[in-house]
Amino acid sequence: MYNLPMRMDKLLYELLSDPKLDLRARIFNLLGLVGTAAGLVTSVSSLLIGVGALNIALNLASSALAVALIVYANRTGRFVRCYRITVVVVFILFFPVMFFTAGGYRSGMPSFFIFAVLFTVFMLEGRERIPVALLETALYVGVCLIALRYPETIRPFDTETDAAFDVIVGFTASSFLLGTAMVLTFRMYDDARRQLAEKNATLERLHRLKTEFLGNVAHELKTPIAVMMGIAQNARRHATDLDDADGLAADLGILASENARLGLLVEQILDATRIDEGRMACDPRPASVEEIVQSTVNAYYPLLKKNGNRFEIRVSDDLPEVWADPRRVSQVLINLMQNAIRHTRNGKIALTAVPEGDFAVVTLRDSGEGIAPERLPHIFERYKSRESAGKGSESDTGTGLGLYICRHIARAHGGDIAVSSEPGVGTEVRFTLPFAYARTREKT
């Protein structure tokens, strides 16, 4: 009993305010509800002034049909079909009969004729709108002319008071219907304009982020390309002097490192697109964390030697196999190492892996410049803006995709990733991977 007002509010919201419904559908629901009430009121007034039973029955039938169409349209979504049924049954069939049984043009029915034509123009779409509205107009003009030419076809009111009362009821009901429809239309227009303004603001923000992202990508591409061009020229000179084989080998090592860096950048952009499209898949299987770490470090060793940093690896001897895609986990490690090296000079970078419950905890710590506290909440955002995230390091020229992709990979494996940092002290990134035996236990 106490829940009745709440249920009514919910019902009215679903019929009149649900954003899933378009404007016509909401107007149809509104007019159906008000039309039902108007039909009931008209039936009562017809009963009071002694109008015939046929007129009362048609008013009640119109109210019942309105309720039935509202229920059917909202359950099936076939609103256009219900618009057409309303036009044919109520406006073209019921209204002319009600005109003749309740006073003709000296009743309130001409007001409802106006409402019917406006409803038709508003609700119907395409080529059928104007012809049907013209048909209704011709029909209503025709019944008025018939009433004028053959007054005996009209069932008159008993008194002038009854006729005036019916005119007032018809005028009031139709005015209320049209006025309410206009108010709702303007309200929906204001809502649509507000939503459009919000979407435009979002699009502007995305455009700004895209512009910044493209600038960062261009900067990132420029550096390895310039390095590789310089190394290639040096390698060409060294090739003529075999006495400097060590220098040639060093140059080729740097060339390979920059090439890997360039490939990583391109792969990040592709992975971000795959994540958005839901196509970035992981292929987990039992894997050794130590093997993943060693293979990654061996492949990117020239990268680790940059900026004069010391690099340490400590993997627990008793660490079970994890349930993971080695290629994706290696991708996470590369991103984290690249970030650590970029922000650490002549310092220490330590990679550890230890068991914790049913997970392997992989941690990368550095003694670099750290991250400003106001920037930490935005650290995993895609294309994160340094301006919005807080003032960062001048050396931070990344694309903003690395940690965004790392979090997706960690969570896709059933783990997670977290960052803690203190400016001037260093940064710690910690991610987890489930053990293979835990995954097998879940399946059984």
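**Entry 1. Ground rules.** I worked from a predicted model, where local features need pLDDT of at least 70, side-chain atom pairs count only at pLDDT 80 or more, and totals for chains, interfaces and linings use all residues. Residues are numbered from 1 along each chain as its sequence is written, and side-chain values use heavy atoms, with hydrogens and water left out.

**Entry 2. Confidence.** I looked up pLDDT (the predictor's confidence in each residue, from 0 to 100). The protein chain has a mean pLDDT of 79, and 76% of its residues reach 70 or more. Over residues 385–397 pLDDT stays under 50. For residues 385–397 the model has 30 contacts (heavy atoms within 4.5 Å) beyond four places in sequence. Where pLDDT is low, predicted coordinates should not be read in detail.

**Entry 3. The sheet.** I took helices (H or I, at least four residues) and strands (E, at least two) as DSSP runs, numbered from the N terminus. Two strands pair if DSSP finds at least two bridges between them. I found an open sheet of five strands in the order β2-β4-β5-β7-β6, with mixed pairing. Strands β2 and β6 (417–422) are at the edges with a single partner strand each, so one side of each has no neighbour in the sheet. Neighbouring strands of this sheet are turned by 15 degrees against each other on average, direction ignored. For such angles, axes are lines fitted to C-alpha atoms, for helices over the stretch in contact, and the values run from 0 to 180 degrees between N-to-C directions. Helix α9 (residues 289–299) packs on the sheet and touches β2, β4 and β5. The direction of α9 makes about 160 degrees with that of β2.

**Entry 4. Pairs of strands.** I went through the pairings next.
- β2 (residues 310–315) and β4 (residues 348–356) are parallel over six bridges, and Glu312 has Ala350 in β4 as its bridge partner.
- β4 and β5 (residues 359–366) are antiparallel over eight bridges, with Pro355 opposite Ala360 in β5.
- The hairpin of β4 and β5 has two residues between the strands, and Gly357 there takes a positive phi near 65 degrees.
- β6 and β7 (residues 426–434) run antiparallel and are joined by six bridges; Val419 stands opposite Val429 in β7.

**Entry 5. Salt bridges.** I counted 10 salt bridges, each a side-chain nitrogen of Lys or Arg within 4 Å of a carboxyl oxygen of Asp or Glu. For exposure, buried means under 20% relative accessible area, exposed over 50%, and partly exposed in between (1.4 Å probe, protein chains only).

Arg84 and Glu128 meet at 3.1 Å, N to O. Arg84 is in helix α4 (residues 79–101) and Glu128 in the loop between α5 (109–123) and α6 (129–149), so the pair ties together parts 44 residues apart in sequence. Arg84 is partly exposed at 43%, and Glu128 is partly exposed at 25%.

Arg194 and Glu198 meet at 3.4 Å, N to O. Both lie in helix α7 (residues 160–239), four residues apart, about one turn of the helix.

Arg430 and Glu356 form a salt bridge with their closest N and O atoms 2.8 Å apart. This pair links Arg430 in β7 with Glu356 in β4, 74 residues apart. Arg430 is partly exposed at 31%, as is Glu356 at 45%.

I also noted a network of salt bridges linking Arg310, Glu312 and Lys348.
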